[in-house]
Amino acid sequence: MSVAETIKAKLTSALDPTRLDITDDSARHVGHAGASGGGESHFKVVVVSEVFDGKSRIERHMLVNEALAEELRGPIHMLQIKAMTPAEEWQ
Amino acid sequence: MSDIPALDIIQSAIKSDDVVLFMKGTPVFPQCGFSSTVVQILSYLGVKFTSVNVLEDMDVREGIKQFSNWPTIPQLYVKGEFVGGCDILREMFEEGELRDFLAGKNIPMEQQADA
């Protein structure tokens, strides 16, 4: 499974998102300190989930980070996170 | 043996100043766009801060992630408290919350909201 597919599977199971966009941004970071150069190292995720309701920014990011803890210790060097509730999505 | 060999270095760094940024590179020569973004935000607000270049010490680079339970760099600490990474600081800045947060912590800013 690719890293993007793993992210999708883990976030879907952990957060039951109503929307989940995953962008592999690795190509923009080639040669960057810490980038492997092999791709699949920098990702952007937009997650919309009821789970975030009533939670602070840090708490929301922690939920995403926890779901992907294994990948963040391994292949992922940077994960940009946009975490919203369904109500916030259209504001 | 501690899980975090660099814990002492990290704790003394966080206590060294009210605003401490763990980043890749230095404010003058950031080596990562995300670290650079946070430097720009702090500079825009006129906040004086101490920076720690995690690329200079692999123990600090890994240790700070365990210390804060936050897996990526940059990381900003204000008065010893972890505030967030690049996305959170950018969102707080864009919503005007960062200025209020720093003002609430009595952090001096050279550029004020209605100056």
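## The cavity

In this predicted model, the lining of the largest cavity consists of 8 nonpolar residues, 4 polar and 1 charged. The cavity holds about 90 Å³ of space. The structure has 1 cavity of 30 Å³ or more.

Its lining counts 13 residues. Nearest the centre are Leu79(A), Trp70(B), Thr72(B), Cys86(B) and Asp87(B). Three elements each supply at least two lining residues: helix H2 (57-67) and strand S3 (78-84) of chain A, and helix H4 (86-94) of chain B. S3(A) gives the most, with 3 residues.

## The interface between chains A and B

Chain B puts 23 residues in contact with 18 residues of chain A. About 1600 Å² is buried between the two chains. Carbon and sulfur atoms give 59% of that area. On the chain B side, Phe34(B), Asp87(B) and Glu91(B) lose the most area to chain A. Together they account for 32% of what that side buries.

Polar links are also present. The count between the chains is 3 salt bridges, and 3 residue pairs are in polar contact, both residues at pLDDT 80 or more. In one salt bridge, the side chains of Lys82(A) and Glu91(B) meet at 3.9 Å, N to O. Helix H3 (58-68), strand S4 (81-84) and H4 of chain B each give two or more residues to the side that touches chain A. H4(B) provides the largest share, 5 residues. By class, this side of chain B has 11 nonpolar, 5 polar and 7 charged residues.

## The largest pocket

The largest pocket has about 450 Å³ of space. It is lined by 20 residues. Closest to its centre are Leu72(A), Arg73(A), Glu62(B), Lys65(B) and Pro71(B). H2 and helix H3 (69-73) of chain A give two or more residues to the lining, as does H3 of chain B.

H3(B) makes the largest contribution to this lining, 5 residues. The classes here are 8 nonpolar, 6 polar and 6 charged.

## The second largest pocket

The second largest pocket has a volume of about 280 Å³. Of its 13 lining residues, Arg57(A), Arg60(A), Ala83(A), Glu88(A) and Glu91(B) are closest to the centre. H2 and S3 of chain A and H4 of chain B each give two or more residues to the lining. The lining divides into 2 nonpolar, 3 polar and 8 charged residues.

Key. Residues are numbered from 1 along each chain as its sequence is written. Chains are lettered from A and ligands numbered from 1 in the order in which they are written. This is a predicted model: local features need pLDDT of at least 70, side-chain atom pairs count only at pLDDT 80 or more; totals for chains, interfaces and linings use all residues. Side-chain values use heavy atoms; hydrogens and water are left out. On a 1 Å grid over the protein atoms alone, a cavity is a set of points where a 1.4 Å probe fits but cannot get out, and a pocket is an open set with protein on both sides within 12 Å along at least five of seven lines; lining residues have an atom within 4 Å of a point. Grid points are joined across faces, edges and corners, and a volume is the space filled by probe spheres set on the points. Helices (H or I, at least four residues) and strands (E, at least two) are DSSP runs, numbered from the N terminus. Ala, Val, Leu, Ile, Met, Phe, Trp, Tyr, Cys and Pro count as nonpolar, Asp, Glu, Lys and Arg as charged, and the others, Gly among them, as polar. Contact means heavy atoms within 4.5 Å. Buried area is the accessible area (1.4 Å probe) that two parts lose on being put together, summed over both. A salt bridge is a side-chain nitrogen of Lys or Arg within 4 Å of a carboxyl oxygen of Asp or Glu. A polar contact is a pair of N or O atoms within 3.5 Å; within protein, one must be able to donate a hydrogen and the other to accept it, and residues adjacent in sequence count only if both atoms are side-chain atoms.
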